[in-house]
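Colleague: I have a few minutes before class. Can you walk me through this one?

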Amino acid sequence: MLTTLFDAHLDLAYNALGYDRDLTCPLSEIRLREAALYQTEEVDPSAPACQEHWGTPTVSLPAMRDANIRMCLVTLLARNSQAKIASHAPRRFDLDYAAPAITEAAAMGQLSYYKRLQIQGHIKLVCCRSELEAICSAPNGPIGCILSMEGCDPIVDPEDVQLWWQRGLRTACLAHYGQGRYAFGTGGNGPLTACGRQLLHQFQSRGLILDLVHTAEQAFFESLDLYDGPMYVSHANCRALVPSDRQLSDEQLQCIIHRDGVIGVVLDAWMLLPGYDRRSTPRHDVSLHHLADHIDHICQLSGNCCHVGIGSDLDGGFGVEQCPKEIESISDLQQLADILAQRGYVPNDINAIFHGNWLRFFREHLPT
Ligand SMILES: [Zn+2]
C-alpha cells in the first residue's frame, strides 16, 4: 500500500518555463522529447549554463500521482543578478535577471503556469487551512500546492509582501545562492541587508511563513532573533553527515526543532554522500539508505519523529543521474517507507515523516 506523501520542495514552474517541460505528460514522453532535442542540437560550448543542469527528469504530474503526493510546496524561482554581474560570477541565463522588475515578471510567469494548471484541474493552490482540509479529504482531487518563493529577489520592495500575499504566496526563503537582495545565500556569508530586515518585519506582520533554507549562517541566526513567526527548512540535510554550508549544522537543526519547525530532507546525491563527485562517483554508491541516515540524525537530535519530512527537490537542477540509485521517478520515493520500517520506524512514525509533520505544521500556520 502506498503511503501518502507531502513533498516540501518542487520547482515545477521553473522546470516548465526554464526547460520547456510539459509537466502534464508522463515522464516517458518528456524523456523522449528531451532525448530528441539532444540528438538534433549540436553541442554549443557557449550554450546557456542551464544545459549543464539538464538531467533526465524524475517529476511530472502523472509521476507525482504515482508517488501518492497529495500535497506539496511549489516554488517561484528567479534571481536578481546585479551583484553577480558586478563580481563577474557565473550567471544562469534561465534564472538570473538584470533588474528586480524583470525578476518579478519571471516569477509572475511561473505563477501563471500554476494558475493554468489549477484551471485545468491538475493542482489546487492552497492558501488557507480550509483549502488544506479539502485536499486531505478528497484523495482523487487535484494535488494541493502551497505557493513558496525560493529567494525573495522577485519581491521588488519589502512593502510588496502584502501584494504577494494576495497573489497566494504563503512562504519564502530570503536568498538562494550567493548575494541576494535581502540576504546572503548558500556559498556566501554575511548578515541580512537593511532591506532584508524590513522584509522579515513584513513577513511577521502579514503572517508569511519563513523558510530558512539556503540562508547564510549569519543571516540564519539573525533571522531567528528578528522573526518571531513560524519557521522551517524546506530542503536541506545534515552537515554532521555531509559537510557543506548548504547543509544544516546540529546547532541550526536544534534551533528549528526548538521553534517547532520541520526539516525537509533532500535527494540531491552530493547532499547525501560525503565526498560525492558528480563526475566520478558511481550512482550506485548513493542510496535511499543515505537519506534514511539524515532522517535518523534529525530524529536523534529531536528525540522523536516530529520534526523531519521530505523536501525532495527532485529535478531541482539535477536529474536521475544525480539521484539515489533507487530513484528513476519521484514515485520511487515510496521505497523509503520499507527502508525506514527495516530500521524500526513504526507506521505512525513513517506516516509522520511522509506527510504528518508537514500537515501539522501547515495546519497550524496557514490562515483560517
Ligand atoms: Zn534549493
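**Around the zinc ion**

Modeller: Glu150 and His235 are both buried. Keep in mind that this is a predicted model.

Colleague: Which protein donors does the zinc ion have?

Modeller: Glu150 gives its OE, while His214 and His235 each give NE2. These donors lie 2.0 to 2.3 Å from the zinc ion.

Colleague: What spacing do the donors follow along the chain?

Modeller: The spacing is E-x63-H-x20-H. Glu150 sits in strand S6, and His235 is in the loop between strand S9 (231-232) and helix H10 (250-258). The pair therefore ties together parts that are 85 residues apart in sequence.

Colleague: Let's stay with S6. Where is Ser148 found?

Modeller: Ser148 belongs to strand S6, which covers residues 143-150.

Colleague: Is Ser148 buried or exposed?

Modeller: Ser148 is buried, because its relative accessible area is 6%, and buried means under 20%.

Colleague: Which residues does Ser148 touch?

Modeller: Leaving out residues up to four places away in sequence, Ser148 touches Leu73, Val74, Thr75, Leu76, Leu169 and Thr171.

Colleague: How does the lining of the largest cavity divide by class?

Modeller: The lining has two nonpolar, five polar and four charged residues.

Colleague: And what volume does the second largest cavity have?

Modeller: About 40 Å³. Ser148 and Glu150 are among the residues that line this second largest cavity. Others in that lining include Ala8, His9, Leu73, Thr75 and Met149.

Colleague: Which elements give two or more residues to the lining of the second largest cavity?

Modeller: They are strand S1 (5-10), strand S2 (69-76) and S6. S6 gives the most, with three residues. By class, the lining of the second largest cavity has five nonpolar, four polar and two charged residues.

Colleague: Now pockets. Which residues line the second largest pocket?

Modeller: The second largest pocket has a volume of about 190 Å³. Its lining includes Phe6, Arg70, Met71, Ile135, Pro139 and His355. S1, S2, helix H6 (129-136) and helix H13 (347-365) each give two or more residues to that lining. Seven residues of the lining are nonpolar, three polar and one charged.

Colleague: I clicked on Ala138. Where does Ala138 lie?

Modeller: Ala138 is in the loop between H6 and S6. It counts as partly exposed, because its relative accessibility is 31%. The C-alpha atoms of Ala138 and Arg70 are 9.2 Å apart, though 68 residues separate the two along the chain.

Colleague: On to H10. Which residues of H10 are buried?

Modeller: Gln252, Leu253, Cys255, Ile256 and Ile257. The buried residues of H10 pack against helix H9 (217-226), S9, strand S10 (263-265) and helix H11 (288-302). Asp260 follows H10, and its phi is positive, near 60°.

Colleague: I also marked Asp20. What phi does Asp20 have?

Modeller: Asp20 has a positive phi of about 55°, although it is not a glycine. It lies in the loop between helix H1 (12-19) and helix H2 (27-40). Asp20 is exposed, with a relative accessible area of 51%.

Colleague: And Asp315, is it buried or exposed?

Modeller: Asp315 counts as buried, at 2% relative accessibility. Its phi is positive too, about 65°, and Asp315 is not a glycine. Look for Asp315 in the loop between strand S11 (308-310) and helix H12 (335-342).

Colleague: Last bit, the whole chain. How many helices and strands does the protein chain have?

Modeller: The protein chain has 13 helices and 11 strands. Its C-alpha trace spans about 50 × 50 × 45 Å along the principal axes.

Colleague: What radius of gyration does the protein chain have?

Modeller: It has 19 Å. A compact globule of 368 residues would be near 21 Å, so the chain agrees with that.

Colleague: How much of the protein chain counts as buried?

Modeller: Of its 368 residues, 57% count as buried. Take contacts between residues at least 6 apart in sequence: 72% of them join residues at least 24 apart.

Conventions:
Residues numbered from 1 in each chain as written. Predicted model: local features only at pLDDT ≥ 70, side-chain atom pairs only at ≥ 80, totals over all residues. Heavy atoms only, no water. Helix = DSSP H or I, 4+ residues; strand = E, 2+ residues; numbered from the N terminus. Buried < 20%, exposed > 50% of the residue type's maximum accessible area, 1.4 Å probe, protein only. Contact = heavy atoms within 4.5 Å. Nonpolar A, V, L, I, M, F, W, Y, C, P; charged D, E, K, R; others polar. 1 Å grid on protein atoms, 1.4 Å probe; cavity = no way out; pocket = protein on both sides within 12 Å on 5 of 7 lines; lining within 4 Å. Points joined across faces, edges and corners; volume = space filled by probe spheres on them. Donors = N, O, S within 2.8 Å, 3.2 Å for Na, K, Ca; no water. Rg over C-alpha atoms; globule rule 2.2 N^0.38 Å.
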